[in-house]
Amino acid sequence: MQGSSLARALDDRLGGAGFVKKAMRKIFPDHWTFLLGEIALYAFVVILLTGVFLTLFFKPSMREVVYDGVYVPLRGVTMSEAYASSLDISFEVRGGLLMRQMHHWATLIFLAAIVVHALRNFFTGAFRKPRDLNWLIGVALFALVMLNGLFGYSLPDDLLSGAGLRILHGVTISVPLVGTYVAMFLFGGEFPGEDVIPRLYSIHVLLVPGILLLLIPLHAVVLTWRQTHTQFRAKGLNDRVVRGAPFFPAFLAKTTVFFLWVTGVVALLATVFQINPIWLYGPYMPGHVSAGSQPDWYMGFLEGALRIMPPWEFTVFGQTVTMSVLIPALVAPGLLFTALAVYPFVERWVTRDQAIHHLLDRPRDVPVRAGLGVAGVVYYGVLWAAGGNDLIATTFHISLYATTWIFRVAVVAGPVLAFVVTRRICLGLRARDRHTVEHGVETGVIVRGVEGGYTEVERPVGEEEAAVLVPPARPELPPVVEGDVPPPAKRRLQDALQRSWDG
């Protein structure tokens with residue numbers, strides 16, 4: 001009775017009973033791909049929890065100290081207070097090394113889950129109206145998490161992360177007009193300065209996480225809760241029907257267990273697989289560099305772009321513009337994220353599809369979209385692999401110049417070839433589906449006719465199979481109003497693109 005009275009009192013003042021009742025009954029699909037976004041969400045929770053622990057012991061200062069801790073090989077070495085506190089966390093704080101490694105592994109899993117979740121949404125068309133805003137938020141989250149991962153990776157001030165900071169400084173000062181000012185603001189003077197670690201720390205633990213804490217609930221909860229969940233085609237499903245389990249108690253129990261699984265996997269990785277052993281690298285010194293340095297995987301494509309870019313530069317009004325840094329550091333990621341952001345609107349313009357979609361496509365249903373997606377993956381993958389061109393050359397005994405030129409050619413030809421091959425495969429699969437619907441499903445049963453010939457028995461396609469194999473018809477285009485007719489050239493271009501989109 002007291003509990004119900006308290007609930008009524010809260011409802012009288014806050015008015016949340018209706019929302020809670022509706023939320024408890026909201027249906028969540030059962031398909032396993034729906035959980036990809038949850039991996040990212042729960043990895044972010046692990047990052048926050050372990051990050052709070054680390055902030056209690058980390059000292060974001062570049063003041064020089066002489067190390068006198070328990071790690072004997074570095075005793076008596078002059079280093080920054082940030083690096084010394086990172087060593088103390090690793091060796092002297094109870095559970096500190098586990099928390100450091102869990103924080104690092106969770107970040108890698110967080111970004112990997114974002115990428116896989118984004119690929120699932122792209123290839124299935126989950127970004128279409130009314131989820132285009134959610135797609136834009138997801139792209140912004142991807143960029144912010146990558147940037148914040150770079151900043152967090154740099155905080156220990158070890159030799160490996162210091163090399164990354166040196167690259168960041170070089171990229172920053174290469175930006176025309178404002179680069180030197182931005183570098184001065186970030187580093188507080190000439191590289192390496194004394195302010196970069198405290199400033200990166202403030203951005204890493206306050207600014208970016210604050211933005212993420214605003215965008216992630218908006219992306220994963222608010223907009224998703226307001227909209228109908230996406231689901232794959234099946235018999236009896238349409239844009240108004242959702243099949244699955246209610247949030248309470250089925251989905252709540254499932255997602256709680258899944259959170260525990262994600263946390264357990266992160267803890268297992270942190271326990272068994274060593275990552276970022278900063279004590280082996282030593283403190284950062286501007287005159288030192290380690291051989292075979294590699295960034296975390298999510299920054300590998302930027303590293304690869306820098307390595308394969310030709311040494312192009314020119315002078316304008318007495319100022320040198322270094323294209324060999326600007327193009328890989330700004331154009332390469334700019335091309336990737338801009339293409340991701342504008343794609344939903346480009347596809348909508350080409351297809352003239354203004355309808356609301358809750359049912360997902362199979363990749364083969366839209367061959368051009370699938371081809372563009374695979375081309376983007378190849379573009380990213382080639383640049384990522386190019387980030388290890390020196391290790392590839394050493395391992396396989398190939399000339400470093402040969403590997404560099406192979407990647408230069410592959411980053412241009414690879415996406416084009418991937419698009420053509422993927423589109424042809426999708427067209428073939430789609431033709432096979434049409435043949436199956438028209439002629440039936442092969443049973444593997446061979447019979448001999450009275451004429452002596454052999455044929456295979458085929459059974460008719462069932463309703464459940466047909467619901468998957470037959471894509472929905474395109475919505476009818478709205479009638480053209482006389483005053484809204486676009487210029488002929490624009491209309492011809494749009495018509496040609498739409499015909500190619502349909503295969």
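Student: Which residues are buried in helix α8 (residues 179-187)?

Tutor: This is a predicted model, in which local features need pLDDT of at least 70 and side-chain atom pairs count only at pLDDT 80 or more, while totals for chains, interfaces and linings use all residues. Residues are numbered from 1 along each chain as its sequence is written, and side-chain values use heavy atoms, with hydrogens and water left out. Helices (H or I, at least four residues) and strands (E, at least two) are DSSP runs, numbered from the N terminus. Buried means under 20% relative accessible area, exposed over 50%, and partly exposed in between (1.4 Å probe, protein chains only). In α8, the buried residues are G179, A183, L186 and F187.

Student: Where do the buried residues of α8 fall when seen down its axis?

Tutor: They fall within an arc of 80°, so they line one face of the helix; the arc is that of the directions from the helix axis to the C-beta atoms. The exposed residues Y181 and F185 are on the face turned away from the buried side of α8. After α8 comes G188, whose phi is positive, near 70°.

Student: What does the side chain of T50 reach?

Tutor: One looks for polar contacts: pairs of N or O atoms within 3.5 Å, where within protein one must be able to donate a hydrogen and the other to accept it, and residues adjacent in sequence count only if both atoms are side-chain atoms. T50 belongs to helix α3 (residues 36-55) and is buried, at a relative accessible area of 3%. Its side chain reaches the backbone oxygen of V46 at 2.8 Å. A polar atom of the T50 side chain also lies 3.2 Å from the backbone oxygen of I47. Contact, in turn, means heavy atoms within 4.5 Å. Not counting residues up to four places away in sequence, T50 touches M99, M102 and H103.

Student: How many residues line the second largest pocket?

Tutor: On a 1 Å grid over the protein atoms alone, a cavity is a set of points where a 1.4 Å probe fits but cannot get out; a pocket is an open set with protein on both sides within 12 Å along at least five of seven lines, and lining residues have an atom within 4 Å of a point. The second largest pocket is lined by 40 residues, and L150, I167, L168, M299 and L302 lie nearest its centre. Helices α6 (132-154), α7 (159-173), α8, α12 (300-308) and α13 (323-351) each supply at least two residues of that lining.

Student: Which residues line the largest cavity?

Tutor: The structure holds one cavity of 30 Å³ or more. A volume is the space filled by probe spheres set on the points, and grid points are joined across faces, edges and corners. The largest cavity has about 30 Å³ of space, and M62, D157, G162, L165, F191, P192, V196 and Y284 line it.
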